[in-house]
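Student: I have a model open and some labels to check. Can we go through them one at a time?

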Amino acid sequence: MNSDKARLLNAYLVASARAGSRQAFERLAANWHPRLLAHAVRLTGERETARDAVQVAWGEIVRGLGGLRDEQAFAAWAYRIVTRSCAGEIKGKVRRRALAAAVKREPMERCTEPVEPSEGDALRRAIRALPAGERAAIALYHFEEMSVAQTAVALNVPVGTAKTRLMNARRKLRKLLEGEMQ
């Protein structure tokens with residue numbers, strides 16, 4: 001089919017689907033799904049992640065189709081939705097991987113015989129006494145040697161929040177450790 005006929009058919013299907021025609025929407029989805037999936041695969045690099053992203057995107061397309069005023073804008077609009085959906089899927093994957101890595105790095109406490117306390121033990125106890133957000137910030141920044149910006153990304157917080165957590169954690173650690181040393 002030549003491009004003019006394809007554009008006209010697409011515009012007709014969009015208008016009909018927006019008016020409530022299930023058949024038109026099914027045809028629109030059948031025409032566009034392979035292209036949107038190919039776009040998602042290019043963005044994510046993984047077919048399964050791309051499928052998930054496109055599935056989420058179709059939900060947004062269904063909900064937003066009524067608000068689309070220019071039928072000719074459907075392609076750019078749908079690609080933008082898929083792009084956002086892919087970014088969300090990638091962000092979720094990164095977050096899950098970071099969490100799994102952090103859990104894996106967390107030391108397992110297995111002690112079968114008494115050990116004399118040392119400065120390291122005092123530091124570990126003091127770090128465990130911190131609130132979770134501050135404990136995570138200290139661990140990522142000092143133990144994993146991440147920058148403040150990387151720590152913020154890993155914790156999914158603004159950079160200013162990461163800085164504040166580090167500052168508060170250091171202040172609390174100083175108090176806790178000075179108290180144990182005296």
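Student: How many aromatic pairs does the structure hold?

Tutor: Four aromatic pairs. Rings of Phe, Tyr and Trp (its six-membered ring) pair if their centres lie within 6.5 Å; planes under 30 degrees apart count as stacked, over 60 as edge-to-face and the rest as tilted. Before we go on: this is a predicted model, where local features need pLDDT of at least 70, side-chain atom pairs count only at pLDDT 80 or more, and totals for chains, interfaces and linings use all residues. Residues are numbered from 1 along each chain as its sequence is written, and side-chain values use heavy atoms, with hydrogens and water left out.

Student: Why is the pair of Trp-32 and Phe-74 called edge-to-face?

Tutor: The ring centres of Trp-32 and Phe-74 are 5.6 Å apart, and the limit is 6.5 Å. Their planes stand at 70°, and the label needs over 60. So the pair is edge-to-face.

Student: What makes this pair a tie between parts of the chain?

Tutor: Trp-32 sits in helix H2 and Phe-74 in helix H4, so the pair ties together parts that are 42 residues apart in sequence. Helices here are DSSP runs (H or I, at least four residues), numbered from the N terminus.

Student: Are Trp-32 and Phe-74 buried or exposed?

Tutor: Buried means under 20% relative accessible area, exposed over 50%, partly exposed in between (1.4 Å probe, protein chains only). Trp-32 has 6%, so Trp-32 is buried. Phe-74 has 0%, so Phe-74 is buried.

Student: Why does the pair of Trp-32 and Tyr-79 get the edge-to-face label?

Tutor: Its centres are 6.0 Å apart and its planes stand at 80°, so the pair is edge-to-face. Trp-32 in helix H2 and Tyr-79 in helix H4 are 47 residues apart, and the pair links distant parts of the chain. Tyr-79 has 24% relative accessibility, so Tyr-79 counts as partly exposed.

Student: Which residues do ring pairs link into a cluster?

Tutor: Trp-32, Phe-74, Trp-77 and Tyr-79.

Student: How do you know that Arg-35 lies over the face of Trp-32?

Tutor: A charge sits over a ring if NZ of Lys or CZ of Arg is within 6 Å of the ring centre and within 35 degrees of the ring normal. Arg-35 is at 3.9 Å from the ring centre of Trp-32 and lies over its face.

Student: Which residues does Ile-61 touch?

Tutor: Contact means heavy atoms within 4.5 Å. Leaving out residues up to four places away in sequence, Ile-61 touches Phe-25, Leu-36, Phe-74, Trp-77, Ala-78 and Ile-81. Ile-61 is in helix H3. Its relative accessibility is 0%, so Ile-61 counts as buried.

Student: Why is Gly-67 called exposed?

Tutor: Gly-67 has 53% relative accessibility, so Gly-67 counts as exposed. Gly-67 lies in the loop between helix H3 and H4.

Student: What makes Arg-7 partly exposed?

Tutor: Arg-7 has 43% relative accessibility, so Arg-7 falls in the partly exposed class. Arg-7 lies in helix H1. The C-alpha atoms of Arg-7 and Gln-72 are separated by 7.4 Å, though the two are 65 residues apart along the chain.

Student: Which residues line the second largest pocket?

Tutor: A pocket is an open set of points on a 1 Å grid over the protein atoms alone, where a 1.4 Å probe fits, with protein on both sides within 12 Å along at least five of seven lines; lining residues have an atom within 4 Å of a point. Among the lining residues here are Arg-7, Trp-32, Arg-35 and Gln-72. H1 gives the largest share, six residues. The volume is about 160 Å³.

Student: What is the volume of the largest pocket, and how many residues line it?

Tutor: About 810 Å³, with 27 lining residues. Volume here is the space filled by probe spheres set on the points, which are joined across faces, edges and corners. H4 supplies the largest share of this lining, seven residues.

Conventions: Helices (H or I, at least four residues) and strands (E, at least two) are DSSP runs, numbered from the N terminus.
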